[in-house]
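Please keep the sequence and the model in view while reading.

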Amino acid sequence: MADVFSIIPASVLRNLSDKLYEKRKNAALEVEGIVKQLAVAGEHDKIAVVINLLVNEFTNSPQANHRKGGLIGLAAATVGLTSEAAQHLEQIVPPVLNSFSDQDSRVRYYACEALYNIAKVVRGDFIVFFNDIFDALCKLSADSDANVQSAAHLLDRLVKDIVTESDQFSIEEFIPLLRERMNVLNPYVRQFLVGWITVLDSVPDIDMLGFLPDFLDGLFNMLSDSSHEIRQQADSALSEFLTEIKNSPSVDYGRMAEILVQRAASQDEFTRLTAITWINEFVKLGGDQLVPYYADILGAILPCISDKEEKIRVVARETNEELRAIKADPAEGFDVGAILSVARRHLSTEWEATRIEALHWIYTLLNRHRTEVLAFLNDVFDTLLKALSDPSDEVVLLVLEVHACIAKDPHHFRQLVVFLVHNFRVDNSLLERRGALIIRRLCVLLDAERVYRELSTILEGESDLDFASIMVQALNLILLTSSELSGLRDLLKQSLVTAAGKDLFLSLYASWCHSPMAIISLCLLAQTYQHASSVVQSLVEEDINVKFLVQLDKLIHLLETPTFAYLRLQLLEPGKYIWLLKALYGLLMLLPQQSASFKILRTRLKTVPPYSFSGEQLRIASSGIPYSLMNYTGSGSQISEDGVMHDDLQNPHNGINFGSRLQQFDQIQQQHRMHAKTQTQSRYSSTSSTKLVQEVQRLEEPKRPSAAQELSRPPSRSLRRGPGQLQL
């Protein structure tokens, strides 16, 4: 200490720790003069003694005024050293930095002031302490004292100036420091960090863009800050970086794409919009770099297509189209399975627009990479089948297009129809609500005849007779009413003329046997009127039930539609189409007289011209002659299945054995009758058992009087029961 007093007078040291600022300031000026003289004399050892005194006796003192004096003294010593201060910074700067965490706000304020003055003197030599200074400034930016914050801001601006003009600043060492603090929520710290990012990005020699992935997530996190100013600053910084990306030949799109994908799912609307905008630019600019990330990008885009904010929806749709337009190759890293998985997952979302785009992706992949998609078919097929129950018609139509694309191969076609029938079986509501739409669309996409033949083959062996009947009735109604199946109807009308018509008629016949009305409709469509009459005549009491009458009612109304215009015109020649008349009169006899259908059909039959039949025609029409005989007249002419007279000896049935067909119909209907009887017996048995149990419980229910009544009641002979008797 004696050596120190020989350098610095005791009065100066005393004033340096005075509570009055003016005295401390004057003492500091004297310290500055003393150090300056020592520096000129080259006595750096004595300067080191002075600095140690200021550190140990003042900045480390428990007295606040001593600490204040020590800080101002260190700044004064640095000013006195001027250009030679660099060699003493290791002694001077650390105590000042330590004072930034002092409990006394005034000490923290003087620490900012001291470091400011030190920095002005040493400038570039100051960079060696940058990381520690940055850490201290980051904390001070959120200081509870406004004066300290203000002082810290002044110091911060000076440090930024020094960094921007220095060639010793290491961005590689700074980035980890920045990355650690990017997720801090304090608004003052966030402003501080964005300020530094912006400043460093403006320095030409510092490549902040190359390190953008390290702090990009933090910037996006600030977009949802409650402070409008912070959101604006973060958005401004991001916009500047995006501009740089557009103009840069080398950008690490991959790492940033991962961050953008996560941010596109943010709860904050502005964050989602910014993220999807960046993704849009990346898809345009990224090229091959983004191929491994296509699945993740698609997973971010699809939900945004249904976003509640229109701006986000517009950008997401544009991005989706851009991404789908890129024809990447699996050999280049394009993961078809991953894309399919994303599309499949979004088929279950609640948003219709997203489901539609997911289906568009599956369809696109099928067209471009069919082999690869079919390899993952088991993963998506069930989901595609469930999508047939989607509430949106547009979704269902797109699903059908996808299914049709898959079903181009015979194996997958068979699989599709089998699964479709299975879905109709387990979900009757699907058949009711969407059956017609699904079948009609498939007929357009996959050829109506092919679809109906396959359905008929499957239903022919259907073990669930109730379902088979319902399904056949639905298919028959679609066949008779859909414009898409007009070609199929025209082919069936040629059943007695062409081989193709006959083949189609026979392929449908077996499964159509599950429904009497379906068979009758098929025969009327195929103009096999004699067989239609035979089917009507073969019906028994069990067949004429409510369901049958409902189906008959539908057929009678359909006979008045354009589909059966040819049939109504044939009624103009009753002598030629005697079996048609007999079939229609047979249906009329089955209808209740008070029903609307009865009146419609009777009115129609009344319009038939009152031509008289020839005796031979009446005899044949009313006879019970079997098929094998009734088609031949005594003169060698034949009466064909449709009732038309033929003079040649060719087979009028076009090779169709109608006797065998009628037998087949009877056999299948017998199965239905037995099934219905079994069900009725089962229901009756169940009902009877329930009633019997209830009756026994009622009879066995004790009707005991109270104890007092039992004791007071005299014995009665009429109430006595013998063994095995019940009291009634």
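## Terms and basis

Two residues are in contact when they have heavy atoms within 4.5 Å of each other. The model is a predicted one, in which local features need pLDDT of at least 70 and side-chain atom pairs count only at pLDDT 80 or more, while totals for chains, interfaces and linings use all residues. Residues are numbered from 1 along each chain as its sequence is written, and side-chain values use heavy atoms, with hydrogens and water left out.

## The chain as a whole

The protein chain holds 38 helices and two strands, these being DSSP runs numbered from the N terminus (helices are H or I, at least four residues; strands are E, at least two). Of its 728 residues, 49% count as buried, where buried means under 20% relative accessible area, exposed over 50%, and partly exposed in between, with a 1.4 Å probe and protein chains only. Among contacts between residues at least 6 apart in sequence, 70% join residues at least 24 apart.

A nonpolar core is a set of buried Ala, Val, Leu, Ile, Met, Phe, Trp, Tyr and Cys residues joined through side-chain atoms within 4.5 Å. The largest one has 234 residues, and those that touch the most other members are Met-208, Phe-215, Leu-219, Trp-278, Tyr-452, Trp-512 and Leu-524. Leaving out residues up to four places away in sequence, Leu-219 touches Met-182, Val-194, Ile-197, Ala-234, Ala-237, Leu-238 and Phe-241.

Helix 14 (residues 253-263) is largely enclosed by the rest of the structure, because eight of its eleven residues are buried. Among these buried residues are Tyr-253, Met-256, Ile-259 and Arg-263, and their cover includes helix 12 (212-222), helix 13 (228-247), helix 15 (269-286) and helix 16.

## Two loop positions

Ser-306 lies in the loop between helix 16 (294-304) and helix 17, and it counts as buried because its relative accessibility is 18%. Apart from neighbours within four places in sequence, Ser-306 is in contact with Arg-313, Trp-351, Ala-353 and Thr-354.

Pro-330 is found in the loop between helix 17 (310-325) and helix 18 (336-346), and this residue is partly exposed, with a relative accessible area of 29%. Not counting residues up to four places away in sequence, Pro-330 touches Val-336, His-369 and Glu-372. Glu-372 is 42 residues from Pro-330 along the chain, and their C-alpha atoms are separated by 8.8 Å.

## Enclosed spaces

The structure holds two cavities of 30 Å³ or more. On a 1 Å grid over the protein atoms alone, a cavity is a set of points where a 1.4 Å probe fits but cannot get out, and lining residues have an atom within 4 Å of a point. Grid points are joined across faces, edges and corners, and a volume is the space filled by probe spheres set on the points.

The largest cavity contains about 60 Å³ of space, and its lining includes Tyr-294, Lys-327, Trp-361, Arg-368 and His-369. Helix 19 (residues 352-368) gives the most to this lining, with four residues. The second largest cavity has a volume of about 40 Å³, with helix 32 (565-570) and helix 34 (596-606) as the elements that give two or more residues to its lining. Among the residues that line the second largest cavity are Leu-559, Glu-560, Arg-568 and Arg-604.

How values were computed
On a 1 Å grid over the protein atoms alone, a cavity is a set of points where a 1.4 Å probe fits but cannot get out, and a pocket is an open set with protein on both sides within 12 Å along at least five of seven lines; lining residues have an atom within 4 Å of a point.
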